[in-house]
Amino acid sequence: MAEKQLMIFALDDSDHSFYALEWTLDHFFPSPSASSFKLIIVHAKPNPTSVIGAVGPGTTDMYTMVETDIKKTAQKIIDKAKELSKSKGVANVACEILEGDARNVICDAVERHHASLLVMGSHGYGTFKRAVLGSVSDYCSHHAHCSVMIVKKPKPNN
């Protein structure tokens, strides 16, 4: 049997991201033995300093509090992803929580694991919001050294 290719799924805490994960599990892992991919879910958590901002007196306590909160949130996101994967019959999912800017964390994970496919959700931001916030999926589609698939949540029919 050929060695399975590696897929990295970039996960954040948005509904779009979990929709994309469910879509990926349904389409690429219809039955665990039938998939030609090994799945690694990567979640980028922010650095506490980027959340707090300037360092000043009394910041150490704040830093510890924010760091603890970030760790708890990241673990909840990963636990939710593991639960979803398990409910779809995909039990052997590797998960990584990495600190830093999501764009760099994701592209670095692709390099480190020699992934052949990066999958991520799209927030569906408009042009202005995307220009202001910067698009992680846009950055990764240009900088990741593998194929990139962006799963979009369908717009509701009105």
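A helix here is a DSSP run of H or I at least four residues long, with numbering from the N terminus.

## The model and its overall layout

What you have above is a predicted model, so please read every value below as computed from that prediction. The protein holds 6 helices and 5 strands. Going from the N terminus, these elements follow one another as β-α-β-α-α-β-α-β-α-α-β.

The protein has 158 residues, and 34% of them count as buried. Among contacts with a separation of 6 or more, 76% are between residues 24 or more positions apart. The sections below give some individual examples.

Is Ile78 buried or exposed? Its relative accessible area is 2%, and because buried means under 20%, Ile78 is buried. Once neighbours within four places in sequence are set aside, Ile78 is in contact with Leu11, Ile41, His43, Cys95, Glu96 and Ile97.

The C-alpha atoms of Ile78 and Leu11 are 8.4 Å apart in space, while the two residues are 67 residues apart in sequence.

## Ser17 at helix α1

Leu11 turns up again in the surroundings of Ser17. Ser17 sits in helix α1, which covers residues 15–28. With a relative accessible area of 3%, Ser17 is buried. Apart from neighbours within four places in sequence, its contacts are Phe9, Ala10, Leu11 and Asp12.

Which backbone atom lies 3.0 Å from a polar atom of the Ser17 side chain? The backbone nitrogen of Asp12 does. If you want to see this pair for yourself, display the side chain of Ser17 together with the backbone of Asp12.

## Salt bridges around Lys88

Side chains of opposite charge can pair when their charged atoms come close. In this model the count comes to 5 salt bridges. One of them joins the side chains of Lys88 and Glu22, at 3.2 Å from N to O. Lys88 belongs to the loop between α3 (59–87) and β3 (94–99) and Glu22 to helix α1, so this pair ties together parts that are 66 residues apart in sequence.

Lys88 also forms a salt bridge with Asp26, where the closest N and O atoms are 3.0 Å apart. Here too distant parts of the chain are linked: Lys88 is in the loop between α3 and β3, Asp26 is in helix α1, and they are 62 residues apart. Taken together, Glu22, Asp26 and Lys88 are linked in a network of salt bridges.

How accessible are the members of this network? Lys88 is partly exposed, at a relative accessible area of 26%. Glu22 is partly exposed at 33%, and Asp26 is partly exposed at 38%.

## Another bridge: Arg103 and Asp101

A further salt bridge brings together the side chains of Arg103 and Asp101, at 2.9 Å from N to O. Arg103 is partly exposed, with a relative accessible area of 26%. Asp101 is partly exposed as well, with 34%.

## How helices α4 and α6 pack

Two packed helices are described by the angle between their axes and the distance between the axes. For helix α4 (residues 102–113) and helix α6 (residues 136–143), the axes come within 9 Å and cross at roughly 35°. The crossing of α4 and α6 is right-handed.

Which residues meet in this contact? From α4 there are Ala102, Arg103, Asn104, Ile106 and Cys107, and from α6 there are Val136, Tyr139, Cys140 and His143. By type, the residues of the contact divide into 6 nonpolar, 2 polar and 1 charged.

## His114 and its positive phi

One last stop is the backbone at His114. Most residues other than glycine have a negative phi. His114 is not a glycine, yet its phi is positive, at about 55°.

Where is His114 found? Its place is in the loop between α4 and β4 (117–121). The relative accessibility of His114 is 68%, and because exposed means over 50%, His114 counts as exposed.

Definitions and conventions. Residues are numbered from 1 along each chain as its sequence is written. This is a predicted model: local features need pLDDT of at least 70, side-chain atom pairs count only at pLDDT 80 or more; totals for chains, interfaces and linings use all residues. Side-chain values use heavy atoms; hydrogens and water are left out. Helices (H or I, at least four residues) and strands (E, at least two) are DSSP runs, numbered from the N terminus. Buried means under 20% relative accessible area, exposed over 50%, partly exposed in between (1.4 Å probe, protein chains only). A polar contact is a pair of N or O atoms within 3.5 Å; within protein, one must be able to donate a hydrogen and the other to accept it, and residues adjacent in sequence count only if both atoms are side-chain atoms. Contact means heavy atoms within 4.5 Å. A salt bridge is a side-chain nitrogen of Lys or Arg within 4 Å of a carboxyl oxygen of Asp or Glu. Axes are lines fitted to C-alpha atoms, for helices over the stretch in contact, and angles run from 0 to 180 degrees between N-to-C directions. A crossing is left-handed if the near helix is turned anticlockwise from the far one by less than a right angle, and right-handed if clockwise. Ala, Val, Leu, Ile, Met, Phe, Trp, Tyr, Cys and Pro count as nonpolar, Asp, Glu, Lys and Arg as charged, and the others, Gly among them, as polar.
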